[in-house]
Amino acid sequence: MSATARERPADAIRTARAVRAGEVRAREVVEAALTRIAAFEGALHCFNTVTADAAIAAADEVDAAVLAGKDPGPLAGVPIALKDNLCTRGVTTTAGSRILESWVPPYDATVVRTVRAAGAVVVGKTNLDEFAMGSSTENSAFGPTHNPWDPNRVPGGSSGGSAAAVAAGFVPLALGSDTGGSIRQPASLCGVVGVKPTYGCVSRYGLIAFASSLDQIGPFAATVADAATLLDVIAGHDPADSTSLDVRPAPLANILDEGVGGLRVGVISDFLSDASPSVVAAVRDAAEVLAAAGAAVEEVAIPALMLGLSAYYLVAPAEASSNLARYDGVRYGLRVDAPDVTQMNARSRSAGFGPEVKRRIMLGTYVLSAGYYDAYYGQAQRVRTLVARGFDEAYRRFDVLVGPTSPTVAFAIGAKTKDPLAMYLSDLYTIPTNLAGHPALSVPFALSEGLPVGIQVLAPSLGEGPMFRAAAVLERGADPEARGPIEPRLAGVRR
Amino acid sequence: MTAPFSRDDVVYVARLARLELEADEVDRYAAQLASILDHVAAVTGLDTTDVPPTAHPLELANVLRADTPGPTLPRDEVLDGAPAAESGRFRVPPILGEAP
């Protein structure tokens, strides 16, 4: 590290190595994370719940294992934050909604068990747009999360709390969920790495469902190597998720230094026309970095991808309206009493859901209703096929594709809350991936007016290997000041 | 196709979706949902005659396994999360209008 470079908190890989070797105690690591959270959380609001006591206890268990000569696992003693739509037994899981404000799940999501079994220590549940519906984390019933790079700006969303927690140096690792860009877009806006794995690669058991054919859990980290390490831990078949793949991508941690020599990289030209000039410049620079490292880089037009947003805002609300029918005041969550059960259902849902969730439930109910089903939902499913075919054709010529993650850098809190459609356009470049079930990630690359710009790397199903190799090259060629963790900037917070 | 999302449409889908809306909410949602549908309607005009629908990104086959008993969630813990429970069951208001 050069003398001018910022001092960074230890990454997950180094932390786990030191804890496994008995050089550092997990308890010290976790206490340092909790101290940093205590110092900045009031200004940033990354968390809905901080589980300090349970984290200390879990860290002590990791230390006891090391002392007993046992290996606590590849994430030994590494603090991790969980998006608050991942079920945690005994710990409130709100999905950012009033309707689940005091719900305590009776079970753990599979990923929660997996990261604990690998030695990671859960420090809390992160803020999100209600039921993961949003692109700014402003739709949380518990107030917005602030971007550590500029607290008057959004962290992106819906996994904004997880992205901001890594960017602020609270934790080296976090988990989020990505239905239309909800990991990659906040990663881009917060200057961290965010990965949406191949659909079916990571168990969704215990993820509160939004749109089941699109939802996928994935990692946030400050570095590509840390993100690969976490994905290696959480990927794998789970009999509890019927959409879980029987195959898994080859382990990623060992291939990151393989480079991009001979890799065929397509720059998606359709993603450059509406992006801001600084974002377009970053993509062009990224293409040069890959070419200089030996990749064969070419522009490619995939016009079908631009149909993705429209198809998504028919398919995702349709699935959401069905998934969220379960919040009826009977088995869990908020109930508002009424003389008969139908009124009780309606009053509970009306009091419990926020405006964006109601909007999407109504949109989904409408497009699924008699007389409109074929014109809207049926057509959207056919357009989904066109998006997938557009990708398939491109992947006959290219191993990976690159483009912007978000059309802009982080925008001001409140800038898009009155215009839902403007907010939806934040996900223009991330949505097609979910419709096709492919993997994609965002890696921090450049700064524009002091704010990070992420580059998106996309790959075909189970193409995580080439995708991570390209991301590792981009990380080495990136502006080192463009990535977290940073010392959160707190001056002039308007709250 | 008729202009999407009139006030009546909002009232209709809100009833289907079990949502109670105030009058000002109906107006606001009608305007917002019409604007959203107007944008996404771009895809409704596309010729997709020979394009099969995609419901899911995976080619899903039915998953079968042996029917072996396994652990289930403890009943009391599940009922603890319910708004109202009685005698080991979820309790709800009258469904068919009988006296409570």
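In strand β10 of chain A, Ser442(A) is the bridge partner of Gly194(A). Strand β5 (residues 193–196) of chain A and strand β10 (residues 440–448) of chain A are joined by three bridges and run antiparallel. Strands here are DSSP runs of E of at least two residues, and helices are runs of H or I of at least four, all numbered from the N terminus. Two strands count as paired if DSSP finds at least two bridges between them. The model is predicted: local features need pLDDT of at least 70, side-chain atom pairs count only at pLDDT 80 or more, and totals for chains, interfaces and linings use all residues. Residues are numbered from 1 along each chain as its sequence is written, while chains are lettered from A and ligands numbered from 1 in the order in which they are written.

Both strands belong to an open sheet of chain A. The sheet has 11 strands in the order β1-β3-β2-β4-β6-β5-β10-β11-β9-β7-β8, with mixed pairing. Its edges are β1 (47–50) and β8 (296–300) of chain A. Each has a single partner strand, so one side of each is left without a neighbour in the sheet. Neighbouring strands are turned by 30° against each other on average, direction ignored. Strands of a sheet pair through backbone hydrogen bonds, either parallel or antiparallel.

Two helices of chain A lie across parts of this sheet. Helix α3 (residues 52–67) of chain A lies across β1 and β3 (121–126) of chain A, and runs at about 155° to β3(A). Helix α7 (residues 224–234) of chain A lies across β4 (173–178), β5, β6 (216–221) and β10 of chain A. The angle of α7(A) to β6(A) is about 145°. Axes are lines fitted to C-alpha atoms, for helices over the stretch in contact, and angles run from 0 to 180 degrees between N-to-C directions.

Helix α8 (residues 277–292) of chain A packs on helix α15 (residues 464–477) of chain A. The angle is about 110°, and the axes are 9 Å apart. That makes α8(A) roughly perpendicular to α15(A). The class covers angles of 65 to 115 degrees. On α8(A), the contact is made by Ala286(A), Val289(A) and Leu290(A). On α15(A), Ala470(A), Val473(A), Leu474(A) and Gly477(A) take part. Residues are in contact if their C-beta atoms, placed from the backbone, lie within 7 Å. By class, this helix contact has six nonpolar, one polar and no charged residues. Ala, Val, Leu, Ile, Met, Phe, Trp, Tyr, Cys and Pro count as nonpolar, Asp, Glu, Lys and Arg as charged, and the others, Gly among them, as polar.

The domain assignment of chain A gives domain 1 (12–250 + 257–304 + 385–482) and domain 2 (307–382). Such bounds come from an automatic or database domain assignment. The C-alpha centres of domain 1 and domain 2 of chain A lie 27 Å apart. Their contact takes 30 residues from domain 1 of chain A and 24 residues from domain 2 of chain A. On the domain 1 side, α12, α13 and α14 (431–436) of chain A each supply at least two residues. That side has 19 nonpolar, eight polar and three charged residues.

Between the chains, 55 residues of chain A are in contact with 47 residues of chain B. The elements of chain A that give two or more residues to this side are α9 (308–323), α10 (341–352), α11 (355–368), α12 (373–397) and α13 (420–424). Helix α12(A) gives the most, with 12 residues. The chain A side has 30 nonpolar, 16 polar and nine charged residues.

Some backbone geometry stands out. Most residues other than glycine have a negative phi, and most peptide bonds are trans. The peptide bond from Gly157(A) to Ser158(A) is cis, with omega near 10°. Ser158(A) is found in the loop between β3 and α5 (160–167) of chain A. Thr137(A) is found in the loop between β3 and α5 of chain A. Its phi is positive, near 65°. Thr137(A) is buried, with 34 other C-beta atoms within 10 Å. A residue is buried if 20 or more other C-beta atoms lie within 10 Å of its own, exposed if 12 or fewer, and partly exposed in between, with C-beta atoms placed from the backbone.

In chain B, Ser87(B) has a positive phi of about 50°. Ser87(B) is found in the loop between β1 (85–86) and β2 (89–90) of chain B, and is exposed, with 6 other C-beta atoms within 10 Å.

Methods:
Angles under 35 degrees count as roughly parallel, over 145 as roughly antiparallel, 65 to 115 as roughly perpendicular and the rest as oblique.
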